[in-house]
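Subject: Structure handover

Hello,

Here is the structure I promised to pass on. Please open it and keep it beside this email.

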Amino acid sequence: MEFNKLITTRRSIRGFTDEMIPNEVLKRIFEQTRLSPTWANKQGVKYVLVSDPSKIEIIREASEQEWTKSANVFVVVCIDPKDSGKNHDGLQYFPVDAAICLTQLIYSATNEGLGTVWMGWFKEEPIKKALNIPKETRIIGMTPLGYPKYKPKEQKRKDLQDFVFGDDYGKVWEGLR
């Protein structure tokens, strides 16, 4: 898919068909996702591809979101903080690394005709236990993967002048006038 079309047509999907995703498609998604930029190219982000129905049930319970019942595959994105870095002010970048990688995964899946939605609302411990994720490793986000059951309409977005500033915070960039 052409990049601009990919960006403008991606939607958050919360309803999926029962059609299984071929392994070749999943492999292409992860091949593209592994190219994501990370702090000092440490590539510390790990992915757990979950298709076991008993483990999916734990994800459903931990997310407390009814719509998850239609998904039969989830990707859990996690990272050990030591596998990333900190900036000069001590801000840890492991959540940024994982967010970049999950975003690239979402766009790769969209390119393959799959639906996704960023999931950040979940209880981490039950999922970590069910998937044998090490104690020090954090789950940053998850997404279901599947063929969309419907196509959501486009949602209203803020105008550029509401968030693109020139030289000073709050000052509208002159390129938008």
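Predicted model: local features only at pLDDT ≥ 70, side-chain atom pairs only at ≥ 80, totals over all residues.

Residues are numbered from 1 along each chain as its sequence is written, and side-chain values use heavy atoms, with hydrogens and water left out.

**Helix pair**

Start with helix α3 (residues 53-63) and helix α5 (residues 124-131). Helices here are DSSP runs (H or I, at least four residues), numbered from the N terminus. The two axes come within 9 Å and cross at roughly 170°. Axes are lines fitted to C-alpha atoms over the stretch in contact, with angles from 0 to 180 degrees between N-to-C directions. So α3 is roughly antiparallel to α5 (an angle over 145 degrees).

Which residues meet? K55, I58, I59 and A62 in α3 touch P126, I127, A130 and L131 in α5 (contact means heavy atoms within 4.5 Å). By class, this contact has seven nonpolar, no polar and one charged residues. Ala, Val, Leu, Ile, Met, Phe, Trp, Tyr, Cys and Pro count as nonpolar, Asp, Glu, Lys and Arg as charged, and the others, Gly among them, as polar.

**Pockets**

A pocket is an open set of points on a 1 Å grid over the protein atoms alone, where a 1.4 Å probe fits, with protein on both sides within 12 Å along at least five of seven lines; lining residues have an atom within 4 Å of a point. The largest pocket has a volume of about 340 Å³ (the space filled by probe spheres set on the points, which are joined across faces, edges and corners). Its lining includes R10, Y107 and E154. That lining divides into three nonpolar, three polar and six charged residues.

The second largest pocket holds about 220 Å³. Of its 15 lining residues, T9, R10, T110, L114 and P148 are the closest to its centre.

Best wishes

Conventions:
Helix = DSSP H or I, 4+ residues; strand = E, 2+ residues; numbered from the N terminus. Parallel < 35°, antiparallel > 145°, perpendicular 65-115°, else oblique.
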